Structures are given as C-alpha cells and as structure tokens.
Amino acid sequence: VYTLSGLNTNFTGKIQVTIPSGKVNGTGAAYPSETYCARLFVTDERNLGGPVTEFLPDALELKQYSLMNVTNDLVLTEASRGIKFTGVGRVNVAAGKTFALAGKTITYNGQFRKEGAGRLVLGGEARFVDGAADTLPLEGTNVLAVTAGSLMPSSVRCLNGVKCVFSSGTQLVYDLDPSESGMAETGPLNLKELDGEPLSLASGLT
C-alpha cells in the first residue's frame, strides 16, 4: 500500500504502480490479482507531481491489477501529465465521491477498470498503446470496464476508440447542461472503436 500525501509540485518524473508476477508463499495463489496487488492512495492532484514541459502520456501508469483508491472528491486537471492503463489497471471511487479527470489524456493499453460506488467523470482525450496522438486503438486493449458506480463523459473525445463495458447496476450519466465544447451538440463521439459496439453490457447481461 502506497500513500502519497505530500504536495509534490516540484516532482517532474513519472509514477508507475505495479508488482511483479509470482505466487504467494504457503498458498500457491498467483499474483497479481484483484486481491494481491499494489494499492495507491491519493487525495490531492499535487500528490502526483507538478507540470512538465513535455507531455508525458504515462506520468501515472497503473498496471498488473494495481488499484488507485479515491476516498474523497478529487479533480485532476494538469494536462501535461497523462494517465496510462497497461494490462489491467483499476480505480476505486468511494460511494458518494466523484473522481474527475477533467483535462486528462488517458492512454488505454489494456483495461481501465472503474470500481467502487462513486462516480468517474471522464474528460480530455482517449489515446492508445503508446500514447501517441496518431496511434489507433488495438482490439482488446481499448477497454473501459465500469464494474460499479457511474461513468459521466464530459468531453467529445474522451471515449473516441474506447470500448465501454457496463456491469449490472452501473450507470452511464450525462450532464444536461454541459460546459465542454461540442458536448451539447453531439455528446462524446466514438469513430475509432473496432467492432462497432462502443457501448456494451458485461457477459450474461441483456
């Protein structure tokens, strides 16, 4: 468990949350898994570092089932610091709380799994694999899995190329008076998703 609590505005490096693969002594249980994983707690955007002069698509990278826990209302706006999900990366938003990725570029290199009963507000732009602006999505690695709580898209490009999969009891929420440019006219556009089904239900649901 890692807790970043300082105001690290002078930090201009990257943060990667991960663990190696292996087996738990005495049980033989394999890790990483939903149970055996690295966990990160953040309560303020400044915990993750300050602005950088050149855009970093993986300024924060969650991989190997790593879990970022959001226990308070949290807004991330620093556009120069992107977030990348490799393999399976998870974010748990506590009930009654909102985690807003307002101006953030999200790079999908696997599955971004949204957990917890709270709300994820997704803004910014979706990118894929290496985070370059012209890289197209790769099937199976462009997934946003909403397993609990709600998802609110807040920008036109935030889901372009993303395959969203919703589990039972989850919600897709829209602001009826959006402030972001283009959202009132079209909502989020998805012109890049590969199988033509950008919004789908988890296995077994109808």
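Modeller: Residues 24 or more positions apart supply 63% of the contacts (heavy atoms within 4.5 Å) that have a separation of 6 or more in the protein chain. This is a predicted model, in which local features need pLDDT of at least 70 and side-chain atom pairs count only at pLDDT 80 or more, while totals for chains, interfaces and linings use all residues. Residues are numbered from 1 along each chain as its sequence is written, and side-chain values use heavy atoms, with hydrogens and water left out.

The protein chain has one helix and 18 strands, taken as DSSP runs numbered from the N terminus (helices: H or I, at least four residues; strands: E, at least two). Of its 206 residues, 49% count as buried, that is, under 20% relative accessible area, with exposed meaning over 50% and partly exposed lying in between (1.4 Å probe, protein chains only).

Turning to the salt bridges, the structure holds seven of them, each defined by a side-chain nitrogen of Lys or Arg within 4 Å of a carboxyl oxygen of Asp or Glu. One of them joins the side chains of E115 and R90, at 2.8 Å from N to O. Because E115 belongs to strand β11 (residues 105-115) and R90 to strand β9 (residues 81-93), this pair ties together parts that are 25 residues apart in sequence. Both partners, E115 and R90, are buried.

Another salt bridge is formed by D195 and K163, whose closest N and O atoms are 2.9 Å apart. This pair links distant parts of the chain, since D195 sits in the loop between α1 (183-186) and β18, whereas K163 is found in strand β16 (residues 163-166), 32 residues apart. The two partners fall into separate classes of accessibility: D195 counts as partly exposed because its relative accessibility is 39%, while K163, at 15%, counts as buried.

A further salt bridge connects E125 with R127, with 3.6 Å between the closest N and O atoms, and both of these residues are buried. E125 and R127 are also linked with R157 in a network of salt bridges.

For the setting of these pairs, the C-alpha trace of the protein chain spans about 55 × 45 × 35 Å along its principal axes.
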